[in-house]
Amino acid sequence: MKALPSRLDRLGLAFLALTLLCAVVVPALALAVPRDSAFAIPPYVVALLGKYVCYAILALALDLVWGYCGILSLGHGAFFALGGYAMGMYLMRQIGARGVYANPLLPDFMVFLNWKELPVAWWGFHSFAYAGLMVMLVPGVLAFAFGWFAFRSRVTGVYLSIITQALTYALKLAFFRNDFGFGGNNGLTDFKDILGFSVQSDATRAALFSISALTLALCFLIAKAIVGSKYGKALIAVRDAESRVRFLGYRVENYKLFVFVVSAVIAGVAGALYVPQVGIINPGEYDPANSIEAVIWVAVGGRGTLIGAALGAIVVNFAKTYFTGAFPEYWLFGLGGLFVLVTLFLPKGLMGLFGARRASAGSAPAPAREEGVQ
Amino acid sequence: MSEADNPKLTSSLLYLDGVSVSFDGYKALRGLSLVLEPGEMRAIIGPNGAGKTTMMDVITGKTRPDAGDVYFEGRHDLTQLDEAEIADLGVGRKFQKPTVFENHTVSDNILLAAKAPRGVFATLFGGAARQEREAIERILATTRLGDQRERLAGALSHGQKQWLEIGMLLAQDPKLLLVDEPVAGMTDAETAATAELLREIARDHSVVVVEHDMAFVRELGVKVTVLHEGAVLAEGSLDQVSADERVIEVYLGR
């Protein structure tokens with residue numbers, strides 16, 4: 001990859017600067033400013049902002065496959081949740097003897113189910129490094145296996161979307177079962193420590209926010225490097241005219257597989273950062289509706305723009321927090337209406353408002369119509 | 001594969017023998033046979049449904065024939081390879097409808113087509129090499145798209161898109177170019193310019209052109225193969241085949 005900064009346009013630099021600024025300023029306002037000051041950020045807001053940033057990372061991951069390669073994944077929530085569960089398992093094992101049943105090895109739900117020993121899947125999760133590896137490896141391997149078969153058999157368009165949806169739904173049903181071994185319906189919660197720091201403390205929350213923001217910046221740089229390379233140009237070509245790319249001699253299935261796996265790993269990392277900040281992970285995270293919501297964030301922000309996807313996630317979730325408080329019954333109508341309005345009047349999403357973007361390397365113009373090419 | 005354990009079966013560049021394809025009972029090709037010598041340019045004509053596009057699909061690996069042999073350079077059995085492998089052997093294809101990457105600039109379109117490693121990691125970490133950039137410049141000049149290089153391909157005129165696609169074919173540097181109806185929808189001036197472009201290309205490439213436009217085929221001045229109902233009806237110079245009774249019957253109706 002050539003000199004990275006040369007590939008970043010002005011908007012990208014502004015986005016990076018803003019993200020890094022938030023990573024410093026939010027913790028500072030939360031910790032260093034007196035509580036009664038007008039500038040102080042209360043701890044619950046820090047956690048909320050941290051959650052938004054995790055969603056922004058997920059949206060970035062989704063934009064990479066949908067916006068640049070035309071793979072409309074309606075199951076990206078599955079990779080997010082798998083990363084979240086891997087982190088949740090680490091946090092569960094950190095509880096140790098402080099659980100209700102005070103079993104030093106087994107998490108409470110296992111004692112409750114009368115299990116005597118730790119299932120193999122839970123081995124190693126006392127180590128943060130191992131858990132961190134699994135956060136990336138599990139979504140990555142699942143995406144690789146899924147993509148290997150789907151892309152090789154040339155499943156595209158709406159059919160692919162349907163099977164990604166089935167994937168996340170199947171995982172949801174599996175994780176709901178108590179004997180599957182991941183806490184069943186209740187999921188994993190009551191976390192105490194992360195790396196020895198209390199997950200409840202304000203300082204940990206602020207640090208988690210900061211790490212999330214830095215991760216967003218890093219993922220943005222990685223995504224930007226990918227889409228700015230010749231590989232990225234080929235990816236956009238696959239999105240717009242897949243069979244043409246095949247006749248040029250490219251192995252389209254490998255191109256799709258690579259970006260799908262990278263995207264799944266990023267989604268997994270987002271999920272892992274999300275769990276300690278919200279304090280719970282349960283099978284509800286696999287709900288297909290969550291994955292579809294993520295697609296809406298990307299569409300609202302602007303498909304194929306990366307920045308737009310991240311902003312879309314933050315804007316829609318901010319609206320969601322506000323409206324579910326103010327008019328709880330109408331939120332879903334609002335979200336649906338927003339999607340319709342954006343599709344009709346802002347086909348390039350919020351990023352389209354920034355005016356005609358230059359067709360410079362790295363920033364993909366909004367995709368033509370839909371990927372119904374072949 | 002080394003040449004020793006895969007000896008040449010024929011000296012011709014492209015060899016089709018008894019190729020049959022049917023879709024749901026409809027026979028698109030019935031025992032089509034065609035031989036193309038290295039360096040040859042050939043025009044294929046025939047009424048709608050004669051099997052011209054299906055023939056292209058078979059050669060490029062998009063469609064597998066039910067029966068028959070398809071050999072490239074006398075040694076590669078194209079019925080056993082897929083699109084990317086066949087493209088890699090040196091068979092380039094231009095579609096009937098111009099298919100360029102509309103969201104890329106003209107020069108990026110050619111860059112993507114240019115002969116270079118096609119692997120994921122090669123394209124992820126490699127930039128455009130100097131010789132690649134020089135090749136792009138050469139092709140931009142040949143296809144008269146030099147001053148359009150930074151425009152999005154989607155903004156080009158129909159004729160320019162066709163030339164860009166021919167330019168992409170050239171960038172692949174294939175041994176064989178398959179060109180499907182290159183002048184459909186072109187003005188007379190554009191048609192003449194395209195014929196000149198193809199003749200230029202045919203100097204160092206083998207070319208198969210499928211075309212409806214007789215004036216254009218005459219301008220190319222090459223050997224003509226007439227297809228009808230999935231098989232070869234006649235072969236020879238344009239004057240010879242247009243004097244053929246059966247060809248007249250097919251084209252003018254009985």
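Modeller: Two residues are in contact if their C-beta atoms, placed from the backbone, lie within 7 Å. This is a predicted model, in which local features need pLDDT of at least 70 and side-chain atom pairs count only at pLDDT 80 or more, while totals for chains, interfaces and linings use all residues. Residues are numbered from 1 along each chain as its sequence is written, with chains lettered from A and ligands numbered from 1 in the order in which they are written.

The contact draws 25 residues from chain A and 24 residues from chain B. On the side of chain A, the elements that give two or more residues are helix H9 (230-240), helix H10 (242-247) and helix H11 (252-278), where helices (H or I, at least four residues) and strands (E, at least two) are DSSP runs numbered from the N terminus. H9(A) gives the most, with 7 residues.

Behind that side, chain A comes to 14 helices and 4 strands, and its C-alpha atoms fill a box of roughly 60 × 55 × 45 Å along the principal axes. Of its 374 residues, 49% count as buried, that is, with 20 or more other C-beta atoms, placed from the backbone, within 10 Å of their own. Among contacts in chain A between residues at least 6 apart in sequence, 79% join residues at least 24 apart.

Methods: A residue is buried if 20 or more other C-beta atoms lie within 10 Å of its own, exposed if 12 or fewer, and partly exposed in between; C-beta atoms are placed from the backbone.
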